[in-house]
Amino acid sequence: MSSEKASSSENIVSQKYDRCLADLLVKAGVGFSVGVVASVILFRRRTWPIALSTGFGIGAAYADCDRSFNPARISGTRIISQTDESK
């Protein structure tokens, strides 16, 4: 028996979703924090910097997650099919 376990596709998808959720929480939290600091220091306690920077964090996390699930969207990536590989 080999010491490595074969990962099922369900486990791989589950791990990707977990990474995406963790990434979303971290980037949205950082964006929120930057927005609060900018709001207090630069914009006289207005709320729009908080919403804007949190939205940027969520958008960045969404883009990373999209690339994780669909690697063909990464610029410069070429998908080689099985028939092309044998030539």
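Biologist: What share of the accessible surface of the chain belongs to carbon and sulfur atoms?

Modeller: Carbon and sulfur atoms hold 60% of an accessible surface of about 7,300 Å². Accessible areas come from the Shrake-Rupley method with a 1.4 Å probe, and for residues only the protein chains shown count as cover. This is a predicted model, in which local features need pLDDT of at least 70 and side-chain atom pairs count only at pLDDT 80 or more, while totals for chains, interfaces and linings use all residues. Residues are numbered from 1 along each chain as its sequence is written, and side-chain values use heavy atoms, with hydrogens and water left out.

Biologist: How many helices and strands does the chain have?

Modeller: The chain has three helices and zero strands, and its elements run α-α-α from the N terminus on. Helices (H or I, at least four residues) and strands (E, at least two) are DSSP runs, numbered from the N terminus.

Biologist: Why is S53 called buried?

Modeller: Buried means under 20% relative accessible area, exposed over 50%, and partly exposed in between (1.4 Å probe, protein chains only). S53 has a relative accessibility of 12%, and therefore counts as buried. This residue is found in helix α2, residues 48-69. Of the 87 residues of the chain, 14% count as buried.

Biologist: Which residues does S53 touch, not counting residues up to four places away in sequence?

Modeller: With that exclusion, S53 touches G31, F32, V34 and G35; contact means heavy atoms within 4.5 Å.

Biologist: How do you know that the side chain of S53 reaches the backbone nitrogen of G35?

Modeller: A polar contact is a pair of N or O atoms within 3.5 Å; within protein, one must be able to donate a hydrogen and the other to accept it, and residues adjacent in sequence count only if both atoms are side-chain atoms. The S53 side chain lies 3.2 Å from the backbone nitrogen of G35. A polar atom of the S53 side chain is also 2.5 Å from the backbone oxygen of G31.

Biologist: Why is the pair of Y17 and F69 called tilted?

Modeller: Rings of Phe, Tyr and Trp (its six-membered ring) pair if their centres lie within 6.5 Å; planes under 30 degrees apart count as stacked, over 60 as edge-to-face and the rest as tilted. By this rule there are two aromatic pairs. In one of them, the ring centres of Y17 and F69 are 4.9 Å apart and the planes stand at 45°, so this pair is tilted. Y17 lies in helix α1 (residues 9-41) and F69 in helix α2, so the pair ties together parts 52 residues apart in sequence. With a relative accessible area of 52%, Y17 is exposed, whereas F69, at 32%, counts as partly exposed.

Biologist: What makes the contact of K27 with D64 a salt bridge?

Modeller: A salt bridge is a side-chain nitrogen of Lys or Arg within 4 Å of a carboxyl oxygen of Asp or Glu. The closest N and O atoms of K27 and D64 are 2.3 Å apart, and the two residues form a salt bridge. This pair links helix α1 with helix α2 across 37 residues.
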